[in-house]
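Colleague: Please take a close look at one part of this model, the packing around a single helix and its neighbours. I should like a connected account, with the cut-offs behind each term.

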Amino acid sequence: MAPRSGDGGVVSRDGPSTTPLRGAVPLPVPGRIELASLRASLYYHSMTLRNMHEKPVYVRLREVIADAIVTGRFKDGDPLPSVRALAAEEGANPLTVAKAYQGFQDEGLVVVKRGIGMFVAAGAAAKLTSSERDQFIRREWPAIRERMGRLGIDPAELLARETA
């Protein structure tokens, strides 16, 4: 292959050189612009989305853990993920995960075995289910019932749709 020039670098038998010609404007390398744009976009969204949540991160982590216990992913006596493992999995700070775990420990829902780890306490799923049921009835249901009334949704019709 004969040497040629004019495209920002000299081409030889070995391929393009890394030395640009004098006065040549380097062409963008495919992928670099998209990657930089993606990084900027991810940074922007991570900062804005993180601030859009109404609940603190440790509360959201508690909800994730509680849901795993209630649904049976973690049963009585099962070990919970370590603080560092859960932090890595959820993309959270280990101190925030430790705060979420501390709340469960204070409520008697997890048991700490020194040097071994944290385990789901006996009866934790029943306690969490009861607590979530009470919270739904006291806090969430009134707003749902009010909205159904505003929209003219009949509860009997709604239940009939679900069973059909």
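Modeller: Tyr101 touches Ile65, Leu80, Pro81, Ser82, Val83, Leu86, Val110 and Met118, not counting residues up to four places away in sequence; contact means heavy atoms within 4.5 Å. The model is a predicted one, in which local features need pLDDT of at least 70 and side-chain atom pairs count only at pLDDT 80 or more, whereas totals for chains, interfaces and linings use all residues. Residues are numbered from 1 along each chain as its sequence is written, and side-chain values use heavy atoms, with hydrogens and water left out.

Tyr101 is one of the buried residues of H4, together with Val97, Ala100, Gly103 and Phe104. Buried denotes under 20% relative accessible area, exposed over 50%, and partly exposed in between (1.4 Å probe, protein chains only). Helices (H or I, at least four residues) and strands (E, at least two) are DSSP runs numbered from the N terminus. The partners of the buried residues of H4 are H2, H3, S3, S4 and H5.

At 1.5 Å a residue its 13 residues should span 18 Å, and its end C-alpha atoms are 18 Å apart, which agrees; the expected span is 1.5 Å times one less than the number of residues. At the start of H4, a side-chain oxygen of Asn93 comes to within 2.8 Å of the backbone nitrogen of Leu95. After H4 comes Gly108, with a positive phi near 75 degrees.

Helix H2 (residues 57–70) also has a buried side, formed by Leu61, Arg62, Ile65, Ala66, Ala68 and Ile69. These residues cover an arc of only 160 degrees around the axis, which puts them on the same side of H2. They pack against helix H3 (83–90), helix H4 (94–106), strand S4 (117–120) and helix H5 (124–151). Among them, Arg62 has a relative accessible area of 18% and is therefore buried. Its contacts, not counting residues up to four places away in sequence, are Ala100, Gly103, Phe104 and Glu107.

The largest nonpolar core has 20 residues, and those with the most contacts inside it are Ile69, Leu80, Val97, Tyr101 and Phe104. Such a core is a set of buried Ala, Val, Leu, Ile, Met, Phe, Trp, Tyr and Cys residues joined through side-chain atoms within 4.5 Å. Two or more residues each come from H2, H3, H4, S4 and H5, and H2 gives the most, with five.

Met118, a contact of Tyr101, is the bridge partner of Val112 in S4. Strand S3 (residues 110–113) and S4 run antiparallel and are joined by four bridges; strands pair if DSSP finds at least two bridges between them. Three residues lie between the strands of this hairpin, in which Gly115 takes a positive phi near 80 degrees.

Note on methods. Arc of directions from axis to C-beta. Polar contact = N/O pair within 3.5 Å; in protein donor to acceptor, adjacent residues only side chain to side chain.
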